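Student: I would like to work through this structure with you, asking about one topic at a time. Could we begin with the contact between the chains?

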Amino acid sequence: MADCGEPDGPGNKDDIARSKNEGKELTKEEKQRLRKQKKQQKKHKERKNEKGPSETEKDETPVSLLPPPPPVATQKAPSALPAPASAPIPVPASAPFHSSPAPSPADKPAKSKAELKAERRARQETDRAAKQPGSSSSGIKTKVPLSELNPVVKRLPEHVQVDDPAVVKRLAKKLERQQIPLRSDYGYKVSLFSHLHQYSRKAPLTQLLSIPSTVIHPSIVRLGLQYSQGIVAGSNARSVALLHAFKQVIRDYTTPPNEELSRDLVNKLKPYISFLNQCRPLSASMGNAIKYIKKEISNIPSQCKEEEAKTKLLKCIDRYIEEKIVLAAKAISKYAIEKISDGDVILVYGCSSLVNHILCEAFEKSRKFRVIVVDSRPRLEGREALRRLVQRGISCTYVLISALSYILPEVSKVFLGAHALLANGYVMSRVGTSQIALVARTFNVPVLVCCETYKFCERVQTDSFVSNELDDPDDLMVTRKGKTQLENWQDVSSLGLLNLVYDVTPPDFVDLVITDLGMIPCTSVPVVLRVKNLDQ
Amino acid sequence: MELQAVLMAAGGGSRMMDLTYNTPKPLLPVGNKPLIWYPLNLLERVGFEEVIVITTKEVQKMISTDPKVKLDVKMKLDLVCIQEDADMGTADALRHIQQKVKTDVLVVSCDLITDAALHEVVDLFRAHNATLSMLMSKAHEFTETVPGQKGKKKTGEQRDFVGVDGTGKRLLFMANEADLDEGVVIRKSIMRKHPRMHIKTGLVDAHLYCLKKSVVDFLADNKSISSIRGELVPYLVRKQFSKSTNSPKVIDETHQNLKKNDSNVNLEIQISSRDEELLHLTQERSCWNDHRGDMSDAYHGGRLRCYVHIMDEGICYRVNTLAAYIEANRLAPKLFDEPAVHPSAVVSERCLIGADSIIGASCQISDKTSIKRSTIGVSTTVREKVKVTNSIIMHGVTIEEGCNIQGSVICSNAVIGRGADIKYCLVGSAQRIEPDGEHTTMSKACSA
């Protein structure tokens, strides 16, 4: 019953025991501080959410990162404090914050027991009311540590709250205002991932648009189509294509009268970004590129003439691509080639444009090595990587990921590409990467991740459930000898097809990250981010 | 602006002269609406706001003056007239309006009746940055007997051979039987790049093309091409695999030696766009390929690409023969949901009107008539005891009492005398059928 951790401050049981033994004074102060912070939090939440108390029976303290399983959820809050703390909590060791909203009943502050209980209950009611089902777990995780640093609570992105009808309605209203059609979800979603969007490739967003698209610039429509059909895939390619489309938009843009370019152009870009988000969720690199562009546009002085401003912006975009993508690739290959020695057997996974570039450069600098390409369904991107490497003359082996543990004894190094590097050092990459890193660690094979700095993002994630992308489930169907076994998967009520796109690899499995700033350990990512922010 | 719509309405309807000698083809009534209404409605439904209509002076006059020809479309129609006797092909017409064409064009023929999802065609055009994207449909057999034709239908229609790749979207080969001497000849370069090709016959070309602006500019320089379907499309399909468009030279310097009569070079120059390096960088970094099994990059490095969308289900008809005209009349009511009997028609109570018949505006249907599976045009008068089955009656026709009309087409302003018995006939405009006449399977077009 008394097994609840403190929500902040000393976050583990030792400290509680220590504080209990030291005396009630310390804990009293802490509790008062806690209470103040909770009140502030509540105020912010109330301002943000006008929603009435939700009908959910879900616990407001589901610390588990799975959506609260029904047996836990049936308990009401006041008595359920200890239960979630001991519930199956797959929280990785790095952040053992437990968010119990109130101190344990065992420690009594100056106020009377009854008053405390009433206060606690009231706070829990409002917390429960403010929370939305399915998002609570990650919400707690990001909200509680932040309340330590600043009272402003960050909002959860809408694309991970799909099972909340209020959020979906808000999104629909926003899209309606921007005159963009809403893309509807497709098929049965596996319950663990019901908070994410799942679209079908056969239902493109363009069938709801008018054909000579007037609301959205034609190059953005084309880009959205290419994203949703997978013609432009891969973090770098998507960013370059995005910037290319923005260049067309800027070229065709004319400032309306009585408006300033710096403000109006940013507003023009917002519906385009929503459209692209509907076609396919934005990647971290695209997000950073968009932030950069918006900053550049807002920094245009108001007395600048339109033509001048446009040429300046186009130059900025070209410079960004040149610096962050092309030159960064050159710098990274320079560092990486130092790590490749003659006689190496290098393992790569999927098709990462950066890793392919590195290997081709190394081959040109006459390093002797061979490559093992590991591939996985349903994307089978490894075939494209294989083609590009063999075209250059590199000798390659091709296996599927199920054969990983059989070929790893031969491998001397593993080179992985990344989709994004998160602020806590986790690597977000194509699904399967964390498996490769795990098995490589078991075989004591060094794992090197290659990533440009513009893919570093400030998000924190420790598992692959919270924020991911669900691809078209029909991709998992395969036709052999004219028969497609899963053809009628929608008719089977207990069957769900899951096509995940990304997964996160913990920094313990990664030995080195090669970036254009040099070779850094995985945990130095926040430093890079901080330095980057200072620069800008 | 992304796409401009161009409607080709200058065709003469040479394969149904019986119907079109008096009424120009774009204004032939199908389901009591002029034929040109259907493609215009398709464009309007999809979201176009302006259409350039290329037509003859006669049609333009009729559209603007004749009250019966109602084009209730809300789009802005920009009518461009060409001379009737100039014998202009569709490509010549495009060349004629080259100045008006500012972006990529969507060319539609006026005799197309379809409920296709146009976004499929345009999506192929957009996503793959294609030069040409077109619509085709599986042909359906015509089941109705064609009036005025004795015996079985002539199978003189030349077949089209259409070759597509494994996905069914990329157009690899197109030839008409008339152009082939002995057999189908396929170049080795195509087979090397696309070893699996599906060749289909029995497809109806809907004559709906998305063309890049550079193609219209190319047409302006090459005056030898006069028909889009007959010459331009096969040329573009062939050019996909020709050596010059695949060479990796970057051609946007103007000091290059341009030979004016070398059309290959011209087309390639016009295809390259601004920011070509960024597009190239994107393709290089993207892990996508449109084919697998060989060592080449996506699209085999080619810059000219032609795509086709083949419809499996749905209505797609080109009304250029009499049989197609009759079939279209049967199916046209499904495309719009106006009431079958026009509210202004005066229909007496003791007549039998079948569920799939259409009665036009201001008609007068008298007692004891029976109308089944037929279309009655505007301002037609049908007297008592008339039986009309499976027929198409156009505007302003007068049918006297006791007639029996079956499986026929009666053109506008004709008069069918009392008690006439007409089976599978085609009665031309303003003709008179004498009373008590019996006509079977004949075509009375012009008075002798």
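Student: How much area do chain A and chain B bury between them?

Tutor: The size of an interface is often given as the accessible area lost when the parts come together. Buried area here is the accessible area (1.4 Å probe) that two parts lose on being put together, summed over both. Of the area buried between chain A and chain B, 58% is on carbon and sulfur atoms, and the total is about 3,400 Å².

Student: Which residues in chain A lose the most area to chain B?

Tutor: Counting contact as heavy atoms within 4.5 Å, 40 residues of chain A are in contact with 33 residues of chain B. Three residues in chain A together account for 21% of what that side buries, and they are A:Ile211, A:Ile231 and A:Arg387.

Student: Before going on, what kind of model is this, and how are residues numbered?

Tutor: This is a predicted model, in which local features need pLDDT of at least 70 and side-chain atom pairs count only at pLDDT 80 or more, while totals for chains, interfaces and linings use all residues; side-chain values use heavy atoms, with hydrogens and water left out. Chains are lettered from A and ligands numbered from 1 in the order in which they are written, and residues are numbered from 1 along each chain as its sequence is written.

Student: How are H8(A) and H5(B) oriented to each other?

Tutor: Helices (H or I, at least four residues) and strands (E, at least two) are DSSP runs, numbered from the N terminus, and axes are lines fitted to C-alpha atoms, for helices over the stretch in contact, with angles running from 0 to 180 degrees between N-to-C directions. Helix H8 (residues 218-229) of chain A and helix H5 (residues 118-127) of chain B pack at about 95°, with their axes 9 Å apart. Angles under 35 degrees count as roughly parallel, over 145 as roughly antiparallel, 65 to 115 as roughly perpendicular and the rest as oblique; H8(A) and H5(B) are therefore roughly perpendicular.

Student: Within chain A, how do H9(A) and H10(A) lie, oblique or parallel?

Tutor: Helix H9 (residues 235-251) and helix H10 (residues 261-279) of chain A pack at an angle of about 140°, with their axes 12 Å apart. That angle makes H9(A) to H10(A) oblique.

Student: Which residues of H10(A) meet H9(A)?

Tutor: From H9(A), the contact takes in A:Leu242, A:Phe246, A:Val249 and A:Ile250. Their partners in H10(A) are A:Leu265, A:Leu269, A:Tyr272, A:Ile273 and A:Leu276.

Student: In which loop is A:Asn258 found?

Tutor: Phi of A:Asn258 is near 65°, a positive value in a residue other than glycine. The loop that holds A:Asn258 in chain A is the one between H9 and H10.

Student: Which residue does a cis peptide bond join to A:Arg377?

Tutor: The omega of this cis bond is about -5°.
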